[in-house]
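Please look over the sequence and the structure shown below before reading on. The report that follows takes up a few selected features in turn.

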Amino acid sequence: NESRKLRLQIAEIDRGLEATDDRAKLQELQQAKEDLQATVPRLENLQWDRIVFASLMYGLGLIPPAFLMRRALLSFGQQPRIGTAMAAQLIGHVGKYVPGKAMVVILRAGVLSRDGVRPLPATVSVFLETFLMMAVGAAVAGLVVVWLPVQSWIAWMACLVAVVASLTTLPPVLKRVAARVSKVDPSEIDSKIGLGLFAAGWGWSTIGWILI
């Protein structure tokens with residue numbers, strides 16, 4: 001549809017070129033035609049340098065969550081190597097394409113077990129990484145929308161989303177959510193989720209989202 005609209009606009013400019021003899025007008029129309037032709041989607045006008053750069057940035061954006069997951073595991077007294085945490089994080093993305101996404105936890109916990117990480121800490125840490133990444137992402141998105149030229153009600157809604165998403169990352173809320181989702185006694189994880197994990201969640205997740 002967009003390509004058709006552009007071609008219709010180009011055809012209209014062509015008619016204008018045929019209908020005028022004014023030199024200045026001809027140059028203006030010709031420039032407008034070239035600008036429109038450059039935006040018609042086709043292989044010739046793809047900016048491959050930007051596509052490659054964006055791909056590299058996106059790939060790098062998948063790495064910070066691994067450091068966040070490892071930080072959560074350290075809170076539970078587990079000691080996975082950085083390489084193992086990265087492998088677990090990356091291979092877990094395959095599990096996202098399975099209905100229910102349960103395979104994400106299974107795949108990551110399986111890889112982490114190579115370094116002796118127990119199933120329960122692995123499960124809770126995988127959840128914490130995912131939850132913090134999503135919550136921080138919602139907050140970052142809300143702040144970004146505020147700076148866009150949108151209607152005021154959209155900006156206010158974006159601010160509200162950012163505030164609510166931020167509140168869910170606070171340790172008291174995070175403990176309750178983690179205990180409920182992981183189906184564990186809150187007392188088992190109460191001392192494990194504190195300000196250190198909160199700061200790590202915001203730090204690593206923000207870096208990841210900026211890269212993405």
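## A nonpolar surface patch

Patches are made of residues with over 30% relative accessible area and no salt bridge, and nonpolar side chains are joined within 5 Å. In this predicted model, one such nonpolar patch on the surface is formed by L43, L46, W48 and I51, which together have about 410 Å² of accessible area. Of these residues, I51 has its place in helix α3, and I51 counts as partly exposed because its relative accessible area is 34%.

## Confidence of the model

The mean pLDDT of the chain is 89, and 99% of the residues in the chain reach 70 or more. Confidence is highest in helix α3 (residues 48–61), with a mean of 95, whereas confidence is lowest in helix α10 (residues 186–189), where the mean is 76.

## Aromatic pairs

Two aromatic pairs are counted in the model. One of them is formed by F67 and W204, whose rings are stacked, with 4.7 Å from centre to centre and 15° between the planes. Because F67 lies in helix α4 (residues 64–75) while W204 lies in helix α11 (residues 195–211), the pair ties together parts that are 137 residues apart in sequence.

W204, with a relative accessible area of 31%, is partly exposed. The cut-offs behind this wording are under 20% for buried and over 50% for exposed, with partly exposed in between.

## A glycine in helix α5

G83 has its place in helix α5, which spans residues 82–92, and G83 is partly exposed, with a relative accessible area of 48%. Between the C-alpha atoms of G83 and A66 there is a separation of 9.1 Å, the two residues being 17 residues apart along the chain.

E129 lies in helix α7, which covers residues 119–146. Is E129 buried or exposed? The relative accessibility of E129 is 4%, so E129 counts as buried. The side chain of E129 is joined to the side chain of T130 by a polar contact of 3.4 Å.

Note on methods
Residues numbered from 1 in each chain as written. Predicted model: local features only at pLDDT ≥ 70, side-chain atom pairs only at ≥ 80, totals over all residues. Heavy atoms only, no water. pLDDT = per-residue confidence, 0-100. Helix = DSSP H or I, 4+ residues; strand = E, 2+ residues; numbered from the N terminus. Phe/Tyr/Trp six-rings, centres within 6.5 Å; stacked < 30°, edge-to-face > 60°. Buried < 20%, exposed > 50% of the residue type's maximum accessible area, 1.4 Å probe, protein only. Patch = residues over 30% accessible without salt bridge, like charges linked within 9 Å, V, L, I, M, F, W, Y side chains within 5 Å. Areas by Shrake-Rupley, 256 points an atom, 1.4 Å probe, with all protein chains shown as cover. Salt bridge = Lys/Arg side-chain N within 4 Å of Asp/Glu carboxyl O. Polar contact = N/O pair within 3.5 Å; in protein donor to acceptor, adjacent residues only side chain to side chain.
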